[in-house]
Structures are given as C-alpha cells and as structure tokens.
Amino acid sequence: MKSLRFALTPLALALALPGAAMAQNAQSGPVLAAGSTVLTVIGEGRTARAPDLAMFSAGVTSQAPTAGAAMSANAVQMTKVIAALKAAGIADKDVQTSQISLSPVYAEQPVGPNGIARAPRIAGYQATNTVSVKQRDLKQFGKVLDTLVASGANEVNGPSFQLDNPDSALDEARVAAIKSARARAELYAKAAGLRVVRMLTITESGGYAPQPKFAFAEARMADGMPTPVAAGQVELAASVTVQFELAP
C-alpha cells in the first residue's frame, strides 16, 4: 500500500486566530473563510492495458586474432542481422544502433618460477554491434527472435513491453487519482467532524512510465521450437497532490 501524507491544521488555531489564518492564506494561496482549515492528501490512480509495443536489443559479438579481423567479421554478421529484421517486417525507423565496441581479449599467463604471475597478453579482439528494435506486431515477436538467431545474432535482450500511445490510459489513471484524493479527503473530514468545501490546488507529480504486470518472455531456441512470448499487461500510474478546504 502506498504511503499517505496528509496535514490537518488544528481547528482551535484557526478559530482562535481567524485574522492571522486569512492573512497567511492570502500570501500562500486561496483565501479561506473564517473557521476553515486545509487538508493535503495524495491520490493515486492506476490502469492496465495490453501492450502493443515491445522494445528489445539484438546484436553480434565476434572474436578474431586482430582488431581489423574482429570488426570485419562482426560487420558481415551484423549486416545479415539487420537484413533479417527488415525481412521480418521491421521498419527502418524502428531499428537504431545502440552500441559498437571493440576491446582486447586477454589470455592468462602462467605463474613464473619466482611465483609472480606474468602480465596477461592480448590473445585477440572482440567486436560488438547492437541495435535497439521496436517490435509492433507482437504476434510475430517469437518468430522475429528465431529469425534473428538464425541470421547470426548471438545477443538478444528484452523485451520491454509498452504502449505506443499511452495518453488515453494515463488520462484514465489521472481521473482515478483525483477520485482517490477526493475519497480520502471525505474520509478525513468526516473523522474530524468537518465537510469538504472545495479543492484548492491540484499538483501532478511522479513518473508515468509503464510498469510490467505479469509480463514475461521465455526463449526456447533448441530443436527448432518457436520462441513463446507472453505480453501480459502493462500498468500505468498517476499521482496527484490535492489541497482541500474543510469547514464545520
């Protein structure tokens, strides 16, 4: 359960110093009627949707005795991987290079006669090229993964399931957040023997990145078995901080 933050101004102070309370409110926000107080609550709303977009990365790691040979071999294989993505229906705009690296591969040296380990020597080089991919047809996702591996990809990571256009889902979560805030305000007002007069301020806070909800992907590439992928749902959240005016 999410933590709840609220602040209830003591009624005794508001009643004893109505002039001071009104002067303070005039400086910091809406003017309150004499005898009123302010309640601040946080409301949260959530909504879930079936994803229509999967983000994943695919690439090739190659090793060779020289740096040039490693890069050359990697380029040949990566060209096949990108061609396989296009053949699988992935648009050019949905494929973006995310990493190109070249690093030495060290071989361990035996310990010398004096018991001191010798410095490792460079035995070859490793080249890596990775692309980030947006898969829009989730029904074909498993086949795309198998096609990539068959074309020479030896690194596949992901997926991250998302909504291509989350605006409507986020709006639903925002409405739920306001309703939640209002319900909590009514609860606290009733417990304090007061009533909710109006909302004074509404502040949207926090992030709205989709969070996976029972979503997973399982890779099985042996014996020609298709790769099963279950997208599940993604959950979006909205959070608002609302100030209410309470009165007797």
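Trainee: Which residue follows α4, and near what value is its phi?
Mentor: Helices (H or I, at least four residues) and strands (E, at least two) are DSSP runs, numbered from the N terminus. The model is predicted, so local features need pLDDT of at least 70 and side-chain atom pairs pLDDT 80 or more, while totals for chains, interfaces and linings use all residues. Residues are numbered from 1 along each chain as its sequence is written, and side-chain values use heavy atoms, without hydrogens and water. After α4 comes G152, with a positive phi near 120 degrees.

Trainee: Which residues of α4 are buried, and against what do they pack?
Mentor: Buried means under 20% relative accessible area (1.4 Å probe, protein chains only). In α4 this holds for F141, G142, V144, L145, L148 and S151. With contact taken as heavy atoms within 4.5 Å, these buried residues pack against β3, α3 (67–87), β5, β6 and β10 (229–230).

Trainee: What is the strand order of the open sheet of 4 strands, and which are its edge strands?
Mentor: Two strands pair if DSSP finds at least two bridges between them. The pairing is antiparallel and the order is β4-β5-β3-β6. Pairing on one side only marks the edge strands, β4 (95–107) and β6 (155–162).

Methods
Buried < 20%, exposed > 50% of the residue type's maximum accessible area, 1.4 Å probe, protein only.
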